[in-house]
Amino acid sequence: MELNARQQEILDILYETGKITVADLAKRLYVAEMTVRRDLTAMEKGGFLRRYHGGAVLMANQRAMPLSHRIMFDEDEKKALAKKCLPFLKDNMVIYIDSSSTCQYIIPHIATFKNMKIVTNSVKALMTASSLHIPCILIGGDYYEQDMCLVGSIAEQDARELNVDLSFFTTAAYSNDGVISDFDEKQLFIRKIMLKNSAQSIFLCEKSKIGKKMLHTLCQKEDVTAVLTVD
């Protein structure tokens, strides 16, 4: 795809900002929001960017894309997956939430139950839970800026000493033969420990991850209580 002058300007703005809303682009370019949306749609098809509701982010390898950007993608699917978690929730539970953008959407549902506690290595999850007045245990360790989480040997030692009723997690891939895998070894270690220390474990799988296999295996589908997908 060859960009026109306005689309090239949009791309230049995204190189500066990383992400921007349709409204802000319309103001900066002195055009209607409808015009911006058409440009963004065309540029997304060309692989230059990804759209989210109300804006766009610069296209990049999603492995390197920060959590603050990823959480905006496929929002409806992530909300639908979070809603499917409700039958596994009940009062008086200790729940592990991993550092994925998908599992962040479960936290508001947890807030509707009584006497709940969240265990997590995700700073983002801690912030969300705190805003909803849910008590939390934050697993310590080295700060991993890309995913706003804590990893490393200290985090792994913390995780080994914790037992939870239920864990929610996701990874980058779920193969047709039931292998749950990821490219990020640092975070995989924490998930492995918490899955072992969980009475029940729920894997949330977005459609884009089905039929794929990454370098590092976390577990097999038989190792988890349930695999949740959205039809």
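How many bridges pair β2 with strand β3, and in which sense? The answer is four bridges, in the antiparallel sense. This is a predicted model. Its largest nonpolar core has 24 residues, and a second, separate core has 15 residues. The structure holds zero disulfides.

**The three-stranded sheet**

- β1, β3 and β2 form an open sheet in the order β1-β3-β2, with antiparallel pairing.
- The edge strands are β1 (19–21) and β2 (49–52), and each pairs on one side only.
- From one strand to the next, the twist averages 20°.
- Strand β3 covers residues 55–58.
- β1 and β3 run antiparallel and are joined by three bridges.
- Ile-20 stands opposite Ala-56 in β3.
- On the other pairing, that of β2 and β3, Leu-49 stands opposite Leu-58 in β3.
- The hairpin of β2 and β3 has two residues between the strands. Gly-54 takes a positive phi there, near 95°.
- Strands of a sheet pair through backbone hydrogen bonds, either parallel or antiparallel.

- Helix α3 spans residues 33–45 and lies across β2 and β3. It runs at about 130° to β2.
- Two packed helices are described by the angle between their axes and the distance between the axes.
- Helix α1 (residues 5–17) packs with α3 at an angle of about 80°, and their axes are 10 Å apart.
- Angles of 65 to 115 degrees count as roughly perpendicular, so α1 and α3 are roughly perpendicular to each other.
- From α1, the contact is made by Arg-6, Gln-7, Ile-10 and Leu-11. From α3, Thr-35, Asp-39, Leu-40, Ala-42 and Met-43 take part.
- Lys-45 also lies in helix α3. Lys-45 is exposed, because its relative accessible area is 73% and the cut-off for exposed is over 50%.
- Lys-45 and Asn-92 are 47 residues apart along the chain, and their C-alpha atoms are separated by 47 Å.

**The nonpolar cores**

- In the largest core, the residues with the most contacts inside it are Ile-95, Ile-97, Ile-106, Ile-110 and Phe-168.
- Several helices give two or more residues to this core: α5 (75–84), α6 (107–110) and α7 (123–131).
- The strands that do so are β4 (94–97), β9 (164–169), β12 (198–204) and β14 (226–228).
- Ile-95 is in contact with Leu-89, Ile-110, Met-116, Lys-117, Ile-118, Val-119, Leu-166 and Phe-168, leaving aside its neighbours within four places in sequence.
- The second, separate core includes Leu-25, Leu-29, Val-36 and Leu-49.
- In soluble globular proteins, nonpolar side chains tend to be buried together.

**Parallel pairing around β9**

- Three bridges join β4 to β9, and these strands run parallel.
- The bridge partner of Ile-97 in β9 is Phe-168.
- β9 also pairs with β12 in the parallel sense, over five bridges.
- Here the bridge partner of Ser-167 is Ser-201 in β12.
- How many of the six residues of β9 are buried? Five are, so β9 is largely enclosed by the rest of the structure.

**Helices α8 and α9**

- Helix α8 covers residues 153–160 and helix α9 covers residues 185–196.
- α8 and α9 pack at an angle of about 10°, with their axes 9 Å apart.
- Angles under 35 degrees count as roughly parallel, so α8 and α9 are roughly parallel to each other.
- Ala-155, Glu-156, Ala-159 and Arg-160 in α8 meet Phe-189, Ile-190, Ile-193 and Met-194 in α9.

**Cysteines**

- With zero disulfides in the structure, Cys-136 is in no disulfide. The nearest cysteine sulfur, that of Cys-103, is 14 Å away.
- Cys-136 counts as partly exposed, because its relative accessibility is 27%.
- Is Cys-205 buried or exposed? At 0% relative accessibility, Cys-205 counts as buried.

Methods:
Residues numbered from 1 in each chain as written. Predicted model: local features only at pLDDT ≥ 70, side-chain atom pairs only at ≥ 80, totals over all residues. Heavy atoms only, no water. Disulfide = S-S within 2.5 Å. Buried < 20%, exposed > 50% of the residue type's maximum accessible area, 1.4 Å probe, protein only. Pairing = 2+ DSSP bridges. Axes fitted to C-alpha atoms, helices over the stretch in contact; angles between N-to-C directions. Contact = heavy atoms within 4.5 Å. Core = buried A, V, L, I, M, F, W, Y, C linked by side-chain atoms within 4.5 Å. Parallel < 35°, antiparallel > 145°, perpendicular 65-115°, else oblique.
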